[in-house]
Amino acid sequence: MPAGEDKQLISVHPSDLKFIFELEKQSFCDLKVVNNTENHVAFKVKTTSPKKYFVRPNTSVLQPGDSCLIRVTLQAQREYPPDMQCKDKFLLQSTIVPPNTDVDDLPADTFNKESSKDIRECKLKVQYISPSAQGNSGDEGSSDSNSTLQQLKEDRDAAVRKTLHLQQEVVC
């Protein structure tokens with residue numbers, strides 16, 4: 001285990017956000033967040049550019065050993081960034097909360113560093129990938145298969161979210 005990894009309450013995969021950047025098109029990246037503890041853990045996602053990204057869920061509570069899929073959507077952009085470089089960053093904060101805490105019941109200062117809570121932080125960088133660099137296979141049908149694969153992943157993720165939502169409704 002790398003140094004410092006045992007200090008994290010949650011793990012995040014992938015460790016960087018990679019977006020396929022096309023003008024006037026939205027792009028998304030999914031993050032899987034896993035609670036590595038025997039405690040209930042609340043998390044919140046923050047970004048340096050909140051108007052450029054849509055994050056759902058941006059705050060949640062994970063039960064011990066549970067995981068959650070977060071979809072980060074890059075809003076359609078009107079111009080290319082210089083050299084396709086992105087300086088945007090995300091911060092995922094996490095803290096232990098009492099069992100059976102509902103996300104709607106979290107106090108407003110839950111993720112405030114000035115409070116006495118132990119807040120752990122995980123920083124994520126953003127990378128933009130050009131559509132041509134993404135495929136790189138040279139096949140004429142690769143963009144069609146990539147969009148089909150992306151649609152299948154979206155459908156799967158939507159089904160997973162719906163299942164989790166229904167499971168939470170049954171528990172309540």
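**Entry 1. Overall layout**

I started with contacts in the protein chain: among those between residues at least 6 apart in sequence, 73% join residues at least 24 apart. I note that this is a predicted model. I then looked up the secondary structure and found two helices and nine strands in the protein chain. Along the sequence the pattern reads β-β-β-β-β-β-β-β-β-α-α. I checked burial next. Of the 172 residues in the protein chain, 33% are buried. The protein chain exposes about 11,300 Å², and carbon and sulfur atoms supply 49% of that area.

**Entry 2. The open sheet**

I traced a sheet of four strands. This sheet is open, its order is S1-S3-S7-S5, and the pairing is antiparallel. Which strands stand at the edges? I find S1 and S5 there, each with a single partner strand, so one side of each has no neighbour in the sheet. Neighbouring strands of this sheet are turned by 20° against each other on average, direction ignored.

S5 and S7 are antiparallel over four bridges. I picked out Val 55, whose bridge partner in S7 is Val 72. I kept one general point beside this: strands of a sheet pair through backbone hydrogen bonds, either parallel or antiparallel.

**Entry 3. Nonpolar cores**

I listed the largest nonpolar core. This core has 25 residues. Those with the most contacts inside it are Leu 17, Phe 19, Phe 43, Tyr 53, Ile 70, Val 72 and Phe 90. I asked which strands supply at least two residues each. I noted S1 (10-13), S2 (16-20), S3 (27-35), S4 (40-47), S5 (53-56), S7 (67-74), S8 and S9 (120-129). S7 gives the most to this core, with four residues.

Apart from this core I found another, of five residues, among them Ala 42, Val 61, Val 97 and Phe 111.

I then took Leu 17 by itself. Leaving out residues up to four places away in sequence, Leu 17 touches Cys 29, Leu 31, Val 72, Phe 90, Leu 124, Lys 125, Val 126 and Gln 127.

**Entry 4. Ser 94**

I went to Ser 94, which sits in strand S8 (residues 89-97). Is Ser 94 buried or exposed? I read a relative accessible area of 1% for Ser 94, so this residue is buried, the cut-off being under 20%. I listed its contacts, not counting residues up to four places away in sequence. Ser 94 touches Leu 9, Ile 10, Val 41, Ala 42, Phe 43, Phe 111, Asp 118, Ile 119 and Arg 120.

**Entry 5. Aromatic pairs**

I searched the whole structure for aromatic pairs and got four. Phe 21 and Tyr 80 form a tilted pair, with 5.6 Å centre to centre and 45° between the planes. Phe 21 lies in the loop between S2 and S3, and Tyr 80 in the loop between S7 and S8, so the pair ties together parts that are 59 residues apart in sequence.

I checked Phe 21 for burial: at 3% relative accessibility, Phe 21 counts as buried. Phe 21 also pairs with Tyr 128. Their ring centres are 4.8 Å apart and their planes at 45°, so I logged this pair as tilted too. Tyr 128 is in strand S9 while Phe 21 is in the loop between S2 and S3, so this pair ties together parts that are 107 residues apart in sequence. Tyr 128 is buried, as is Phe 21.

Last, I noted a cluster: ring pairs link Phe 19, Tyr 53 and Phe 90.

Terms used:
Residues are numbered from 1 along each chain as its sequence is written. This is a predicted model: local features need pLDDT of at least 70, side-chain atom pairs count only at pLDDT 80 or more; totals for chains, interfaces and linings use all residues. Side-chain values use heavy atoms; hydrogens and water are left out. Buried means under 20% relative accessible area, exposed over 50%, partly exposed in between (1.4 Å probe, protein chains only). Contact means heavy atoms within 4.5 Å. Accessible areas come from the Shrake-Rupley method with a 1.4 Å probe; for residues, only the protein chains shown count as cover. A nonpolar core is a set of buried Ala, Val, Leu, Ile, Met, Phe, Trp, Tyr and Cys residues joined through side-chain atoms within 4.5 Å. Two strands pair if DSSP finds at least two bridges between them. Axes are lines fitted to C-alpha atoms, for helices over the stretch in contact, and angles run from 0 to 180 degrees between N-to-C directions. Rings of Phe, Tyr and Trp (its six-membered ring) pair if their centres lie within 6.5 Å; planes under 30 degrees apart count as stacked, over 60 as edge-to-face and the rest as tilted.
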